[in-house]
Amino acid sequence: MSSSNAAPLKPVKSTGLHIGDAAPGVAKVDPIIIADNVTRQFGGLKAVDVEHLEIPRNAITALIGPNGAGKTTLFNLLTGFDKPDTGTWVFDGKQLNGVPAFKVARMGQVRTFQLTKALGLLTVLENMKLGSQKQKGEGIFASLIKPLWNKQEEEIEERALDILARFKLDTKKDDFAASLSGGQRKLLEMARALMSQPKLVMLDEPMAGVNPALTQSLLEHILDLKVQGMSVLFVEHDMQMVRHIADWVVVMAEGRVVAEGPPEDVMQNPAVIDAYLGSHQDVDLGVVTGRIAGEITSEVEDLLEEIDAETGVEHEIEQPPVVAPEKDEDSK
Amino acid sequence: MDWGSILSNTASWLISPETIAYALAALGLAVHFGYGGLLNFGMAAFMALGAYGYAISILTFGLPWWAGIIVGCLASVVFALILGIPTLRLRADYLAITTIAAAEIVRLLFTTQVFDSVTNSADGLGNYHAGFRAANPFPEGTYGFGPWTYNENGWWVRIFGICLLAVAALLVWLLMRSPWGRVLKGIREDEDAVRALGKNVFAYKMQALMVGGVFGALGGVVFALPSAVVPSVYVTSLTFFIWTILLLGGAATVFGPLLGAVIFWVIMGFLSNVLPALASSGFLPFMSTTQAATLRYILVGLALMLIVIFRPQGILGNKKELTFVK
Ligand SMILES: Nc1ncnc2c1ncn2[C@@H]1O[C@H](COP(=O)(O)OP(=O)(O)OP(=O)(O)O)[C@@H](O)[C@H]1O
Ligand SMILES: [Mg+2]
């Protein structure tokens with residue numbers, strides 16, 4: 001971490017965010033988003049069915065849940081990239097349902113995408129500058145006269161270089177974004193979102209595909225956002241990180257909010273363990289499937305019995321032949 | 001074979017009104033496709049609207065020649081609006097399909113008997129030159145040297161066209177170095193990402209469609225200035241010649257369309273002279289001279305394929321970009 005001195009290694013957790021018991025839909029002391037009755041149906045599947053949800057201001061909120069829980073769909077709805085079947089929500093005191101995506105972003109609610117969207121044939125620096133709001137030179141007539149926007153452009157460039165340095169992308173500023181690695185693109189997308197000086201940053205799996213060392217600095221960036229007064233809502237599958245930085249955790253399963261609360265409490269919640277962590281979180285699935293040689297513990301036997309009971313197939317437990325662990329198919 | 005006349009005929013294409021007109025239209029397409037990623041396959045319609053807007057304003061409404069040019073441009077702006085409102089919100093390929101269809105509708109409207117009193121249907125319009133020629137600053141006479149010897153009207157059309165082209169190229173350059181151009185290029189790469197950054201993507205695409213459309217209309221005007229407006233010119237193959245020029249020169253460049261147009265017409269001019277000459281001197285057996293002249297269209301098609309396969313970024317395109325072509 002170079003320029004930001006504010007991010008401590010031990011995150012300062014915000015507490016006392018909610019009013020009353022931490023149950024799904026609990027009211028917050030100072031919510032930045034209040035959503036009511038938001039539903040989105042895809043054919044027969046109710047991808048999102050949120051009765052009431054409040055996201056606290058100036059805090060880091062993690063949105064977790066199994067694959068297909070509706071996290072990305074909820075992101076899309078809240079940011080205007082998708083239209084809900086029903087529902088209303090308020091962002092920072094303004095009614096936002098039906099507002100187009102670009103206006104949502106202008107109001108200060110900026111998102112990133114699960115499938116990274118780097119603008120390939122623009123340079124890294126151009127990507128960054130694009131994130132800046134209220135640019136005079138973005139009007140078609142003003143764009144023709146450089147003196148009108150030149151000064152602002154210089155300020156934007158300065159700010160862009162500053163953020164790039166923090167994300168360790170400054171050496172790449174003149175490269176096409178298409179030449180960045182997958183993890184670097186994640187960083188660029190987040191840095192670009194910050195260029196718009198948002199009030200709420202919504203990050204869809206910002207850590208996916210980023211190496212451990214960078215993950216650490218990414219975490220610090222996210223913590224830093226809070227220090228700077230922003231609110232963060234992020235989707236993440238790595239419980240370790242959620243535990244580490246989140247002030248508040250919202251758990252979704254099958255489109256509904258099944259639990260919310262401070263991270264330590266939520267991880268103990270039986271509904272969460274059942275829906276997400278799974279009751280057999282200590283078992284190596286490789287051992288269960290026989291792909292990796294390993295000790296058949298009583299837990300493995302339990303799980304196998306459960307699977308058999310569900311599928312109705314007889315399964316003999318036998319010591320699998322000892323094979324070298326296979327290489328993971330493709331980790332990119 | 002008379003090589004002297006072949007080469008001289010070829011050289012004259014360098015600054016022919018056709019070359020200038022195609023360069024203007026290709027510049028418009030560069031704004032649409034090269035910078036904005038808009039798949040416009042209806043450039044012929046924008047050109048037709050420019051040409052007819054010019055001719056009809058003068059012949060039917062008695063407007064001065066410069067007002068005719070403005071009317072032609074306005075017509076293409078309205079066409080861009082009509083085309084863009086329903087399609088620009090959809091995926092890029094829908095625009096492609098719609099523009100082909102819309103361009104045919106425009107051509108058929110100019111061809112049909114229904115508006116015969118205004119459009120003169122299939123015969124087209126002519127004899128609208130008086131106003132433009134009266135504004136000619138060049139004194140009467142024949143000037144120039146070698147293959148570039150024209151009378152005062154020939155020069156006036158060419159100089160006027162080149163000025164229009166220079167202004168258009170300057171505008172494109174100014175636009176594309178600005179933050180406006182940055183947004184447009186961003187939209188070409190991924191419009192959702194640009195939307196997420198608070199830019200009104202629809203408005204930018206509409207502006208790009210209009211700007212490029214106006215250049216197309218100006219191309220139509222320059223094409224019409226020295227000759228006549230005939231509906232059978234504005235067929236789909238005209239659109240594809242413009243595409244060939246754009247891809248030849250380099251889609252996301254300012255000078256690519258100009259270079260592409262010059263190369264295209266010089267080669268076309270050369271082939272139209274040399275192929276019949278070869279046929280008549282017996283070098284191309286099984287072919288009459290007329291057949292030999294049409295052979296050039298086959299060669300243009302072949303050239304388009306070869307460019308796209310071997311140099312998709314065009315002559316002036318950035319080699320580095322090619323590495324990342326999806
Ligand atoms: N455009 C769509 N059309 C049809 N079904 C969709 C669409 N988008 C999402 N779904 C479905 O909605 C459900 C929720 O998807 P979503 O992408 O929101 O999950 P997620 O919680 O983000 O999962 P992950 O953790 O894997 O990213 C899934 O079952 C998915 O198949
Ligand atoms: Mg998702």
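This is a predicted model: local features need pLDDT of at least 70, side-chain atom pairs count only at pLDDT 80 or more; totals for chains, interfaces and linings use all residues.
**Around ligand 1**

Helix H1 spans residues 71-78, and together with strand E2 (45-56) of chain A it belongs to the elements that each supply at least two residues of the shell. In total there are 13 residues around ligand 1, and those that come nearest are Asn67(A), Lys71(A), Thr72(A), Thr73(A) and Gln114(A). Sorted by class, the shell has 7 polar, 4 nonpolar and 2 charged residues.

Which parts of Gly68(A), Thr72(A) and His237(A) lie by an oxygen atom of ligand 1?

| Residue | Atom on the protein side | Distance to a ligand 1 oxygen atom |
|---|---|---|
| Gly68(A) | backbone N or O | 2.9 Å |
| Thr72(A) | side-chain N or O | 2.6 Å |
| His237(A) | side-chain N or O | 2.9 Å |

So much for single atoms; here is the cover as a whole. On its own, ligand 1 has 630 Å² of accessible area, and the protein covers 61% of it.

**Where chain A meets chain B**

The size of an interface is often given as the accessible area lost when the parts come together. Chain A and chain B bury about 2,900 Å² between them, with 67% of that area on carbon and sulfur atoms. The contact involves 35 residues of chain A and 30 residues of chain B.

What polar links cross this interface? The rule finds 11 residue pairs in polar contact, both residues being at pLDDT 80 or more, and it also finds 3 salt bridges between the two chains.

On the side of chain A that touches chain B, at least two residues each come from helix H2 (101-106), strand E6 (109-111), helix H3 (124-130), helix H4 (146-166) and helix H5 (182-195). H2(A) gives the most to this side, with 4 residues. By class, the side has 16 nonpolar, 10 charged and 9 polar residues.

**A salt bridge within chain A**

Over all chains, the structure holds 21 salt bridges. One that sits inside chain A pairs Asp82(A) with Arg40(A), their closest N and O atoms being 3.0 Å apart. Asp82(A) lies in the loop between H1 and strand E4 (86-91), while Arg40(A) is in strand E1 (residues 31-42), so the pair ties together parts of chain A that are 42 residues apart in sequence.

Definitions and conventions:
Residues are numbered from 1 along each chain as its sequence is written. Chains are lettered from A and ligands numbered from 1 in the order in which they are written. Side-chain values use heavy atoms; hydrogens and water are left out. A residue is near a molecule or strand if one of its heavy atoms lies within 4 Å of it. A polar contact is a pair of N or O atoms within 3.5 Å; within protein, one must be able to donate a hydrogen and the other to accept it, and residues adjacent in sequence count only if both atoms are side-chain atoms. Accessible areas come from the Shrake-Rupley method with a 1.4 Å probe; for residues, only the protein chains shown count as cover. Ala, Val, Leu, Ile, Met, Phe, Trp, Tyr, Cys and Pro count as nonpolar, Asp, Glu, Lys and Arg as charged, and the others, Gly among them, as polar. Contact means heavy atoms within 4.5 Å. Buried area is the accessible area (1.4 Å probe) that two parts lose on being put together, summed over both. A salt bridge is a side-chain nitrogen of Lys or Arg within 4 Å of a carboxyl oxygen of Asp or Glu.
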